[in-house]
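Hi,

Here is the structure I said I would pass on.

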Amino acid sequence: MDKVAIYCRISVEDGLEESASIQNQRELLRTYAKEKNWDVVAVYIDENYSGLGEDRPAFVEMIAAAKKGDFSIILCKSQSRFSRNWETVERYFHRYFPLWGIRFVSIVDGTDTQNRSNKKARQINGLINEWYSEELSDNIRMVLRRKMEMGQFIGNYAPYGYEKSKLDQHKLIIIPEEAKVVVEMANWYVLGDSFRTIADQLNAKKIPTPSETKRKKGQDLGRPVCLQWKAGTVGKILKNPVYLGHMVQGKEEKISFKSKIRKEVPKERWVVVRNTHEPILTEEVFAQIEERRKR
């Protein structure tokens, strides 16, 4: 009896219907394996992970088990569940899986790496799946750009001193206690204190850092929490026009729809919309900050 690993995946790129179907995928694959008299030894599930990347937890675990020979077949609903990245498909289907003695089978599109005659079909499927992801990425980018141009905040987390309105997640509202800290920092800087001195004063007062306040709210920034104010953090806050009530977005973009790496965008391509929310700093104070920075 062949040993089989079932792999299921869903993400927002698959739409509402697909994203509700992990259980359906699993049951469909179990039924198919039973009909083939295959022994299901493992079920791997990745929820809310794009098919473009290979850093999916269950996917990584499955590949490691495949390399060790824990099973001989990987079974998916469709080839796109395994990956939407053509390079990933080529590397595993035609290099590693033959080396490890792994057969890949998907039900809906009839992919079977044991069948040499459908190699071209699965390569075409790989390209189509990747094209779909690229087109979807372009559409999402255009929608987000339009939201920026309308002055809507599209970040995951609001800047220090603000929070996203519960009535409208694209609108910023002031957090009074944090806004007081921003004003205090601005005043200290205008009076001659350096970014480093200001950071030291905030630490002496035991004022929570921006990342610490977000952690306390249950917001995961995807990086370690910094418990000490740094000169760079102070400088970043005092240079940000968001505290004048203006929205400045689109400063970075991904280098490719396949990559998570981001690059800086030239200033002339930034999306700037004025007077989108209540300011924390006055134009006069911000101008004084800018003048001192230039000096």
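Predicted model: local features only at pLDDT ≥ 70, side-chain atom pairs only at ≥ 80, totals over all residues.

Let's start with helix H3 (residues 57-68) and helix H5 (residues 86-100). They pack at an angle of about 30 degrees, and their axes are 10 Å apart. That angle is under the cut-off of 35 degrees, so H3 and H5 are roughly parallel to each other. On the H3 side the contact is made by Phe59, Ile63, Ala66 and Lys67, which meet Thr88, Tyr92, Phe97 and Trp100 in H5. By class, that contact splits into 6 nonpolar, 1 polar and 1 charged residues.

Now for the other helix pair. Helix H8 (residues 195-204) and helix H10 (residues 231-238) have their axes 8 Å apart and cross at about 105 degrees, and are therefore roughly perpendicular to each other. Here Phe195, Arg196, Ile198, Ala199 and Leu202 of H8 touch Ala231, Val234, Gly235 and Leu238 of H10. The class count for this contact is 7 nonpolar, 1 polar and 1 charged.

H8 and H10 turn up again around helix H7. What do the buried residues of H7 pack against? Their partners are strand E5 (162-164), strand E6 (172-174), H8, helix H9 (210-216), H10 and helix H11 (283-294). The buried set in H7 is Glu178, Ala179, Val181, Val182, Met185, Ala186, Trp188 and Tyr189. Just past the end of H7, Gly192 has a positive phi of about 120 degrees.

Last, the strands. Strand E3 (residues 73-76) pairs with two others. With strand E1 (residues 3-10) the pairing is parallel, over 3 bridges, and Val4 has Ile73 as its bridge partner in E3. With strand E4 (residues 103-106) E3 also runs parallel, joined by 4 bridges, and there Ile73 is partnered by Arg103. Are the faces of E3 buried or exposed? Both are covered, with Ile73 and Leu75 buried on one side and Ile74 and Cys76 buried on the other. In a regular strand the side chains alternate between the two faces of the sheet.

Cheers

Methods. Residues numbered from 1 in each chain as written. Heavy atoms only, no water. Axes fitted to C-alpha atoms, helices over the stretch in contact; angles between N-to-C directions. Parallel < 35°, antiparallel > 145°, perpendicular 65-115°, else oblique. Contact = heavy atoms within 4.5 Å. Nonpolar A, V, L, I, M, F, W, Y, C, P; charged D, E, K, R; others polar. Buried < 20%, exposed > 50% of the residue type's maximum accessible area, 1.4 Å probe, protein only. Pairing = 2+ DSSP bridges.
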